[in-house]
Amino acid sequence: MDTVKIEILGTGCKKCQQLEKNAKQAVTNLNLTAEVLHITDPVEISMRGVMTTPAIAVNGKVVGKGLISVEQIQPLLQN
């Protein structure tokens, strides 16, 4: 199976950190191979059309905004 690329878009606030933890837990729950990156550059974040953080991108596509749960992330990783 290919490696899933997950990017957390946010400045590093508590919500951003929690979203990263949730994403990592979703990866573990699904037994996926994934690379999880945290993008903190505000210019890069805004270039992706994200105006409020945190947000999550899977394989380059923004798929969720705000602090979403592990259960909400899991289906996003299975596509």
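Four salt bridges are present in the structure, a salt bridge being a side-chain nitrogen of Lys or Arg within 4 Å of a carboxyl oxygen of Asp or Glu. The model is predicted, with local features requiring pLDDT of at least 70 and side-chain atom pairs counted only at pLDDT 80 or more, whereas totals for chains, interfaces and linings use all residues. Residues are numbered from 1 along each chain as its sequence is written, and side-chain values rest on heavy atoms, with hydrogens and water left out.

Glutamate 7 takes part in a salt bridge with lysine 5, at an N to O distance of 3.8 Å. Accessibility is classed as buried (under 20% relative accessible area), exposed (over 50%) or partly exposed (in between), with a 1.4 Å probe and protein chains only. Glutamate 7 counts as buried because its relative accessibility is 4%, while lysine 5, at 34%, counts as partly exposed. A salt bridge also joins glutamate 7 to arginine 48, with the closest N and O atoms 2.7 Å apart. This pair links distant parts of the chain, 41 residues apart: glutamate 7 lies in strand 1 (residues 4–9), and arginine 48 lies in the loop between helix 2 (42–47) and strand 3 (55–58). Helices (H or I, at least four residues) and strands (E, at least two) are DSSP runs numbered from the N terminus.

Arginine 48 is partly exposed, with a relative accessible area of 27%. Its salt bridge with glutamate 44 has closest N and O atoms 3.0 Å apart, and glutamate 44 is likewise partly exposed, at 28%. Through shared partners, salt bridges join Lys5, Glu7, Glu44 and Arg48 into one network.

In soluble globular proteins, nonpolar side chains tend to be buried together. A nonpolar core is defined as a set of buried Ala, Val, Leu, Ile, Met, Phe, Trp, Tyr and Cys residues joined through side-chain atoms within 4.5 Å. The largest such core comprises 14 residues, and Ile6, Ile56, Ile73 and Leu77 have the most contacts inside it. Strand 1, helix 1 (14–30), strand 3 and helix 3 (70–77) each give two or more residues to this core, with helix 1 giving the most, 4 residues. Isoleucine 6 contacts (heavy atoms within 4.5 Å) residues including Ala23, Val27, Ile56 and Leu77, when residues up to four places away in sequence are not counted. Apart from this core lies another, of 5 residues, among them Leu9, Ile39, Val50 and Ala55.
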